[in-house]
Amino acid sequence: EGHDGSSSIDVVAKAIRRICATGKSLYGHLKTSDADTGKQVDYVKLWSSAPTPAEMQSLVRLCAKVNGILLPMCQQVPEAKKAKTAGKKLRAKKRMLDRTCSRAIGEVKLCFPVASEGDEVPSWFVEISKTRMYGETESYRYELKRGRRWAVLEDDALFQSAVDALPRDIMLFSVLCGQSFMSNELTWESLQRAFQNAVLMKLLSEDSVTLFNEDMRTEVEQQLLEVGRHHELKDLGISMDDAIMERLPDIVIEPVDALAAIWQHSEKRPDEATQDVITALGECLKAKNAPAAKR
């Protein structure tokens, strides 16, 4: 195979498993005690009502229509099952999105559930950040109401009070979930955006992100050396640094695994109850997305 063969995916996959293994072991020894006191929020139950892929697509369309925001999901062109009919509709939609969103790229910065007393089905709040042509940014909030329809959330105080009520590490998990569009999969690029936002929100330190990235680079390099690819790279005139940078974008990682790895470098690790909850949230998202993974 050439240097861009399918084995590069295996190299990155092995690196992910190795770098996350130690962090995931943190969870195994930390369980919630029956002696926990105070009112507990059942975040696992709340996360079981997470937005579906179809509902996230609806959010994409609403953002484009109402605020002229092009979310990254807009740029993924779906396959046309019927070439002529579907192709025409697809091109029409693409032209509409291009006209509406070409100068306002956005991202989902935060996605989390909010339940009032006695509510069985929670609302979901989302914060969207829009970057204009010259780097100016604006924030918009949306709510997935109990009828499972998105609407603009105009009550900034309500949103802020909901954010303030989130435990720090649940909020960090919500940042990662927002970048993944609730899909339980983060690309390297979306993971870096999530970490950058988390640093700005003071949920992570720049040092912990730098150490995480260095670990990932070291693991990818080690895997390349173990499979003997360095000789092939040398013959092709490709430096090890270039090879590592080429393979990092192949990384796909679950939010809970990313947290397990980066918490190895964090001075503010979550408490026992929070770690247990986040572990369960990861399993909840995994189960929610299992059918899509099989298709």
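Modeller: Two strands pair if DSSP finds at least two bridges between them; helices (H or I, at least four residues) and strands (E, at least two) are DSSP runs, numbered from the N terminus. The model is predicted: local features need pLDDT of at least 70 and side-chain atom pairs count only at pLDDT 80 or more, whereas totals for chains, interfaces and linings use all residues. Residues are numbered from 1 along each chain as its sequence is written, and side-chain values use heavy atoms, with hydrogens and water left out.

Colleague: How many helices and strands are there in the protein chain?

Modeller: Of the 295 residues in the protein chain, 42% are buried (under 20% relative accessible area; exposed is over 50%, partly exposed in between; 1.4 Å probe, protein chains only). Among contacts (heavy atoms within 4.5 Å) between residues at least 6 apart in sequence, 70% join residues at least 24 apart. The secondary structure of the protein chain consists of 12 helices and six strands.

Colleague: Which strands are the edge strands of the open sheet?

Modeller: The open sheet has four strands in the order S1-S2-S3-S4, and their pairing is antiparallel. Each edge strand pairs on one side only, and these strands are S1 (105-114) and S4 (150-152).

Colleague: What is the average twist from one strand to the next?

Modeller: Angles run from 0 to 180 degrees between N-to-C directions, and axes are lines fitted to C-alpha atoms, for helices over the stretch in contact. From one strand of this sheet to the next, the twist averages 25°.

Colleague: Which residue in S4 is the bridge partner of Leu 144?

Modeller: Strand S3 (residues 137-144) pairs with S4 in the antiparallel sense, over three bridges. In S4, the bridge partner of Leu 144 is Trp 150.

Colleague: What angle does the direction of helix H3 make with that of S4?

Modeller: Helix H3 (residues 53-67) packs on the sheet and touches strand S2 (123-131), S3 and S4. Between the direction of H3 and that of S4, the angle is about 30°.

Colleague: How many of the 10 residues of S1 are buried?

Modeller: S1 pairs with S2 in the antiparallel sense over nine bridges, and in S2 the bridge partner of Glu 107 is Ser 129. Glu 107 is buried, at a relative accessible area of 16%. S1 is largely enclosed by the rest of the structure, because the number of its 10 residues that are buried is eight.

Colleague: How many salt bridges does the structure hold?

Modeller: Side chains of opposite charge can pair when their charged atoms come close. A salt bridge here is a side-chain nitrogen of Lys or Arg within 4 Å of a carboxyl oxygen of Asp or Glu. The number in this structure is 11.

Colleague: How many residues apart are Glu 107 and Arg 193?

Modeller: Glu 107 and Arg 193 form a salt bridge, with the closest N and O atoms 3.9 Å apart. Arg 193 is partly exposed, at a relative accessible area of 24%, and a network of salt bridges links Glu 107, Glu 189 and Arg 193. The pair joins distant parts of the chain, since Glu 107 lies in strand S1 and Arg 193 in helix H7 (residues 188-200), and the two are apart by 86 residues.

Colleague: How far apart in sequence are the parts that Glu 254 and Lys 286 tie together?

Modeller: The closest N and O atoms of the salt bridge between Glu 254 and Lys 286 are 3.9 Å apart. Glu 254 lies in the loop between strand S6 (252-253) and helix H11 (255-262) and Lys 286 in helix H12 (residues 272-294), so the pair ties together parts whose separation in sequence is 32 residues.

Colleague: Which term describes H6 and H11 relative to each other?

Modeller: Leu 172, Phe 173 and Leu 176 in H6 meet Pro 255, Val 256, Ala 258 and Leu 259 in H11. The axes of helix H6 (residues 168-179) and H11 come within 9 Å and cross at roughly 130°. Angles under 35 degrees count as roughly parallel, over 145 as roughly antiparallel, 65 to 115 as roughly perpendicular and the rest as oblique. H6 and H11 are therefore oblique.

Colleague: What is the relative accessibility of Met 182?

Modeller: Met 182 lies in the loop between H6 and S5, and its phi is positive, about 60°, although it is not a glycine. In the loop between H6 and strand S5 (186-187) there is also Phe 181, with phi near 55°. Met 182 counts as buried, because its relative accessibility is 1%.
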